[in-house]
Amino acid sequence: MDFMANPGGAVNGSIRVPGDKSISHRSIMLGAIADGTTTVDGFLEGEDALATLNAFKAMGVNIEGPENGRVKIHGVGREGLKAPKGELYVGNSGTTIRLLSGLMAGQKFSVTMSGDVSLNKRPMERVAKPLREMGVTVETAEGGRPPLKITGSNALKAIHYDMPMASAQVKSCVLLAGLYSTGETSVSEPAPTRDHTERMLRGFGYPVIRKGNTASLVGGQRLQGMHIDVPADISSAAFFMVAASIAPDSELVLQHVGINPTRIGVINILKAMGGDLTIENKREVGGEPVADIRVRSAQLNGIEIPEDQVPLAIDEFPVLFVAAACAEGKTILRGAEELRVKESDRIQVMADGLQALGIRAEPTEDGIEIEGGQIGGGEIECHHDHRIAMSFSVASLRANAPIHIRGADNVATSFPNFIELAEQVGMRVEVAK
Ligand code: S3P
């Protein structure tokens, strides 16, 4: 499927983007191994979160829905999962394979997980290494790629793990394996990463301690089913934050957006560039802070992006690069080598795309330098990466000719109704074929 993004337009209205992907994955995983029933509202009905849901159905968990974002999970308890009949296919979803590796580590059966062409290129040694230290047998394909075979044990060794990279997926994997270990498992992170696993575990009644840059828990305790209200995904809202910032005569309200402090890098960076964003009706929903975000058009300026914001905006860089292309002057990003191992190599793919549209964008080993300018028309290749497709859709607001976006199918992994919402607020993007 391709998108055709026609140039121009203003962005106005008030919308709620779909549920947070990270929280949706975790709601199924923890709900499944809890005692009792867990109900979820606002669940993301995108392919990635559904891959997690289907994996647990394949392991014998009775899950009703999703229906209008509502899911009911009949928890089987910490020892209740059953061996799936075959391999677990998790599609495009890095969060499913990496978090599930941690949970599978504590089971008495072995599981093989595989993914699509994009996921099968992504590094899994980062989870294999700590799991092996805990006594798990982990087999990967060549180069530490999926398929990943995990042969668990119900007597894992508790470890302390110093993460070499700032990754919430690795942290969560180790903590989830830690649920099945004897003693205290702890993970230190080189920079703060999203803490949804820790928050949700506490919501399920499972104590998690945070001291400085270290999160820890003691294995062997039980989780109690609960109700989870999933806020709108700030990573999906980010496309519209940039859209309303760069399009003239725009004012947009994004409703009920999760503003967990470990996720708000995009707001901080856009504000530092001169963006006009206000946080309204701040409240807390099920242990996660939520707000409405009002965004108005603004003249953006190029900046050196503070490196401490990188993990807090890690999924938002493709669209932030579009903001940089519309800004006055140069934007410089460093310390973001993790972008090269996402659903695509987001530094290279975005640089190629921006260059194709006439913007000066120079990739560096760990970042990019982008000079603001006039966005032209042209053809973009998404490389199976949802966020590339949506970012170049946003770019069309300031382009002077149509942008043909090739291979946009994976938008459905995180944002199934993107086109509808984009059209509703005034963007001129449509499905081409
Ligand atoms: C996620 C963590 C991040 C992020 C991904 C979701 C999570 O990945 O990019 O989209 O839900 O834990 P890393 O942990 O690899 O940085």
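Colleague: How far apart are the end C-alpha atoms of residues 7-420?
Modeller: Bear in mind that this is a predicted model. The unreviewed UniProt entry annotates residues 7-420 as "domain: Enolpyruvate transferase". The span is 29% helix and 27% strand. Its end C-alpha atoms are separated by 17 Å.

Colleague: Is helix 3 enclosed by the rest of the structure or exposed, and how many of its residues are buried?
Modeller: Helix 3 covers residues 94-104. Among its buried residues are G94, I97, L100 and M104. Helix 3 is largely enclosed by the rest of the structure, because the number of its residues that are buried is eleven of the eleven.

Colleague: In what order do the four strands of the open sheet run?
Modeller: The pairing in this sheet is mixed. Strand 6 (88-89) and strand 8 (137-141) are the edge strands, since each pairs on one side only. The order is 6-7-9-8.

Colleague: Which strands of the sheet does helix 3 touch?
Modeller: Helix 3 packs on the sheet. Its direction makes about 15° with that of strand 9. The strands it touches are strand 6, strand 7 (110-114) and strand 9.

Colleague: Which residue of strand 9 stands opposite T137?
Modeller: Strand 8 pairs with strand 9 (residues 145-151). The sense is antiparallel, over five bridges. Opposite T137 stands T151.

Colleague: At what angle does helix 4 run to strand 8?
Modeller: Helix 4 takes in residues 125-133. It lies across strand 8 and strand 9. Its angle to strand 8 is about 160°.

Colleague: Are helix 3 and helix 4 roughly parallel or roughly antiparallel?
Modeller: Their axes are 10 Å apart, and they pack at about 10°. Helix 3 brings R98, S101 and G102 to the contact, and helix 4 brings R126, V127 and L131. An angle under 35 degrees counts as roughly parallel. Helix 3 and helix 4 are therefore roughly parallel.

Colleague: Take S22. Is S22 buried or exposed?
Modeller: S22 sits in helix 1 (residues 21-33). Not counting residues up to four places away in sequence, S22 touches R194, H196 and R263. The cut-off for buried is under 20% relative accessible area. S22 has 7%, so it is buried.

Colleague: Now K342. What is its relative accessible area?
Modeller: K342 is in the loop between strand 20 (330-333) and helix 10 (346-356). Leaving aside neighbours within four places in sequence, K342 is in contact with R122, I314 and D315. K342 counts as buried because its relative accessible area is 17%.

Colleague: One last residue. Which residues is S186 in contact with, leaving aside its neighbours within four places in sequence?
Modeller: S186 lies in strand 13 (residues 184-188). At 8% relative accessibility, S186 is buried. With those neighbours left aside, its contacts are I159, H160, Y161, T214, A215 and S216.

Conventions. Residues numbered from 1 in each chain as written. Predicted model: local features only at pLDDT ≥ 70, side-chain atom pairs only at ≥ 80, totals over all residues. Heavy atoms only, no water. Buried < 20%, exposed > 50% of the residue type's maximum accessible area, 1.4 Å probe, protein only. Helix = DSSP H or I, 4+ residues; strand = E, 2+ residues; numbered from the N terminus. Pairing = 2+ DSSP bridges. Contact = heavy atoms within 4.5 Å. Axes fitted to C-alpha atoms, helices over the stretch in contact; angles between N-to-C directions. UniProt positions renumbered as here; feature names shortened; annotations may be inferred. Parallel < 35°, antiparallel > 145°, perpendicular 65-115°, else oblique.
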